[in-house]
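I opened the model today to look up a few items and noted each as I went. The entries follow in the order in which I took them.

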Number of protein chains: 2
Amino acid sequence: MGYSYWRGGRHLDPAEFELFFREAPFGGFGLFLGLGDCVRFLREFRFSTEDIEFLKSAMPSSTEEGFFHYLSTVDASGVTLWSFPEGSVVFAREPLMKVQGPLLVVQLLETTLLCLVNYASLVGTNAARYRLAAGPDKKLVEMGLRRAQGPDGGLSASKYCYVGGFDLTSNVLAGKLFGVPLAGTVAHSYVSSFSSPDDVTPMTLTPAKGQGEGVDLLDLSTRYLKEVCEVIEVPRDGTKSEELAAFVSYAVSFPHNFLMVLDTYNVMSSGVPNFCAVARALHHLGYRAVGVRLDSGDLARQSVEIRKIFKKCAERFGIPIFKDFTIAVSNNISETSMGRISKENNEINVVGVGTHLVTCTQQPSLGCVYKLVQVNHIPCIKVSEDEEKTTIPGSKSVYRLYDNEGHPILDLMAGADELPPVIGTELQCHKLGSNGEVELVVPYKAELMHSIYFEGRGLSVMQDHCGETLPSLQKIRDHARRSIEILSPEHRNLEKPEPYRVAVTEKLHKLLLRLRGTSPLDRDLPRNGC
Amino acid sequence: MGYSYWRGGRHLDPAEFELFFREAPFGGFGLFLGLGDCVRFLREFRFSTEDIEFLKSAMPSSTEEGFFHYLSTVDASGVTLWSFPEGSVVFAREPLMKVQGPLLVVQLLETTLLCLVNYASLVGTNAARYRLAAGPDKKLVEMGLRRAQGPDGGLSASKYCYVGGFDLTSNVLAGKLFGVPLAGTVAHSYVSSFSSPDDVTPMTLTPAKGQGEGVDLLDLSTRYLKEVCEVIEVPRDGTKSEELAAFVSYAVSFPHNFLMVLDTYNVMSSGVPNFCAVARALHHLGYRAVGVRLDSGDLARQSVEIRKIFKKCAERFGIPIFKDFTIAVSNNISETSMGRISKENNEINVVGVGTHLVTCTQQPSLGCVYKLVQVNHIPCIKVSEDEEKTTIPGSKSVYRLYDNEGHPILDLMAGADELPPVIGTELQCHKLGSNGEVELVVPYKAELMHSIYFEGRGLSVMQDHCGETLPSLQKIRDHARRSIEILSPEHRNLEKPEPYRVAVTEKLHKLLLRLRGTSPLDRDLPRNGC
């Protein structure tokens, strides 16, 4: 395509593409993410000598040499990128980004921009849904690296799940590169690597205050185990001594960070008493254990049972911190199971989610597309029998209209040359997906959603609408949280959300009809859409 | 975990992990891929000074300095990697890879090895299924970059779909880095960027033989269009002149590679006659057009109609090549729709697949796990109430047993110290997932599936079992094709495959029972599994 534009002398024609999705992810709202990556890509966009040599070898031999010379001069210096702020809630068919520049260059950007926005937005939206399903109080840990599309897919997942509302990741590189807070877990293999209490030295731990001799923690824990078994009424001989050895060995290494997986053998008859014994021993030495992790079975029910045991221990041992130990769970958690757990009686504090989060099982791809809306300042259309697949022509602005309670009620697309909506005045909005049905809306506030994030001509300014440089991950995360918070509960609903209205102005509606050739008035007029 | 192993003096204990999946992808066979990436990773595995500084900041302040010093010395020089050949058909629960080495090091490798094998094997298996659904003759083009998990997820997809049986990719970087053959497509935006025949110069094309003056191809095509419309009986005024301009402009740029998308306006009333007119004009100048692409509607039915038109043109114009033009299709193709298309009457030569291929919609993750099977030469087990989740202890060999027709019939796991199966002799095999039900099998051939692919001690030899260096992508692709070809039709079946049998030897079965503690004879013996 690029060669043909160049060969036809059209490569510099001013053009505009829009990036949008036709259907909202998971049937609800979308969270727009990936903008920062797009800006960083534009900043560096050019072909290396090596790239051009490769293209020469891959393209037909009839390709003129001048084209490759032109390619070697191409960069994004003619490109202007308008965009929603990263982390905004977005809806179907509105332009998330508008990309203006020379036809050939903005066409070349298509696949990369789509690739950078599609997965980031999809997985971030998915994370936001898990957050809504879990409620605000539970800590959410992303742990999907092993199931992502390779190491870099996993890195994107960790970054954008954090932005979408997760608290922590098990992906250490995401901590190093992006500052995402880290959480590790102990695997079953750690526990099962111990075959007997003799497996390990040293087992001595010095008291937390640093005063006094080191104490043999295995010995101390073994003594407390007897007492624990009596208190929680489980037979002592059902506890695995090799599991106790593993717990003690870990506690000696991490006396301030003792959180153990309980289901290598049996949660109730071995994992729980062994944990309580070691936690009791740590307390004796002035340390505070952190908690436990469950990785199988009925997580909510087990958490309730374990909390009861912790409370009983707290009371019987006179150690109040026992009641507050963290109960973490994992095990193939989906949005549905997360929602179910949250609705049930449960005592879960931390949830680790991997596979279903990063692969977005419910909908593993976001169908963002990149469509031409204008060339040489003439609006373009791609007609389709499917109304949803017909593009909305011309350069446009998007206004988010709010009701008097501060909830967004409708996103209105207007021609870029139209005046903004007047607050407090009735507006005619033609709803998309409804054969242009008119809605009358009186906005209490109208927000212009696009700002320039990259303006290549002359110099690259990469500023958001507040005049600052690209926002930090933390700022994007905060913006995402607020964007979701101000949605009305009906639009935020996970299971049966009320469809959010996206509409076009009267003027844009007429242009659309005219270019589509279905306006009775305009049928005989020349169509100047390209 | 690593710190605790080190702190307990166990970090150098010889250990062995196995990498396997518990359930076969898509309910059928798996294709094992990603081995080369794992070997490359092992070769480079070490912590940079920067990594160690970061870990110091991320780990508890009580972590001893000596640990970080130790980490700075860690590499894969103590690691031995046994593996199936890359591209082999594999089944649930058998070790695809066995990783032997110091406990701490082989534990650290877990997530990366899983990440490298999981997606590569999943997407490669998916590609192989598309190939089976499509049959051997159609060209398959992978075009999923925009829907993958970021640029690198997309690159893995392109690489492993090629290995799994695709012919081409639209991902240019995969061509550059891995030599995957490339195929481009023309987007609708190319066509819709033309608003009138005046949009373009030059429209002249010189004859293929290079003799004679340049001819105005738009003029020539417009003249042929009249004739074409008569022959194929469509009204001339239903053809879009802006589409013809786009086709001509592309043909002038790529006279030897003219393949156009037909559905920007209307396939039958505009796309087809415009294409035929330009193809006729190209032929006049000694060029051969390539074909057309359909991106919407009933692809099989349209392909049949279009082939009829091509044949009619071939006959009426006396140009035989018209009958053989390529008909390429795309539009959200799934394995199911691919299978349906192949079974219907169709004239499709090329199929482009994106979203469902790279995201593996049917099953977006492969659940490979990495489990400890041995420490200090003592077999380990992780017990679970779910029999499938109980690990199979100890270091083992896998033998693939074949019948007298050369089809694999059963994969047999044996202790690493057991003798290989004797050909022609009845073997007792305990089938997995059947409470150890015994099958008697007489193998006509037994193939040992694991070889050493990385042996770090001393020097890295990265040789396959033939003594060669790591096989090329092309060799892996050939091996994958052969592995699938020799499967019996029942095991290769996509919809209702017969489950392939995976079994353990009598000796391994007894070890499993003993460590699981369910053998009546061994219940009172000491369990020496770790």
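**Entry 1, the contact between the chains.** I looked up the contact in this predicted model and found that 86 residues of chain A and 85 residues of chain B take part. I read off a buried area of about 7,000 Å² between chain A and chain B, with 57% of it on carbon and sulfur atoms. I then listed the polar side of the interface: 25 residue pairs are in polar contact, both residues being at pLDDT 80 or more. The salt bridges between chain A and chain B number six. I noted one of them, in which Glu110(B) pairs with Arg146(A) and the closest N and O atoms are 2.9 Å apart. I also asked which element of chain A gives the most to the side that touches chain B. It is helix 6 (residues 110-134), with seven residues.

**Entry 2, a sheet in chain A.** I traced an open sheet of six strands in chain A, in the order 19-18-22-17-16-20, with mixed pairing. Strand 19 (438-441) and strand 20 (445-448) each have a single partner strand, so one side of each is left without a neighbour in the sheet. Neighbouring strands here are turned by 35° against each other on average, direction ignored. I followed one pairing in detail: strand 16 (residues 396-402) and strand 17 (residues 408-415) of chain A run antiparallel and are joined by seven bridges. Within that pairing, I found Ser397(A) opposite Ala414(A) of strand 17. Helix 18 (residues 506-516) of chain A packs on the sheet and touches strand 16, strand 17, strand 18 (427-431) and strand 22 (501-505). I noted an angle of about 80° between the direction of helix 18 and that of strand 22.

I placed His11(B) in the loop between helix 1 (2-7) and strand 1 (14-21) of chain B.

I found Thr222(A) in helix 10 (residues 217-232) of chain A. Thr222(A) has a relative accessible area of 27% and is partly exposed. The side chain of Thr222(A) reaches the backbone oxygen of Leu218(A) at 2.5 Å. Not counting residues up to four places away in sequence, I listed Arg236(A) and Leu244(A) as what Thr222(A) touches. Thr222(A) and Leu244(A) are 22 residues apart in sequence, and their C-alpha atoms are 8.0 Å apart.

Definitions and conventions: Residues numbered from 1 in each chain as written. Chains lettered and ligands numbered in written order. Predicted model: local features only at pLDDT ≥ 70, side-chain atom pairs only at ≥ 80, totals over all residues. Heavy atoms only, no water. Pairing = 2+ DSSP bridges. Helix = DSSP H or I, 4+ residues; strand = E, 2+ residues; numbered from the N terminus. Axes fitted to C-alpha atoms, helices over the stretch in contact; angles between N-to-C directions. Contact = heavy atoms within 4.5 Å. Buried < 20%, exposed > 50% of the residue type's maximum accessible area, 1.4 Å probe, protein only. Polar contact = N/O pair within 3.5 Å; in protein donor to acceptor, adjacent residues only side chain to side chain. Buried area = accessible area lost by both parts, 1.4 Å probe. Salt bridge = Lys/Arg side-chain N within 4 Å of Asp/Glu carboxyl O.
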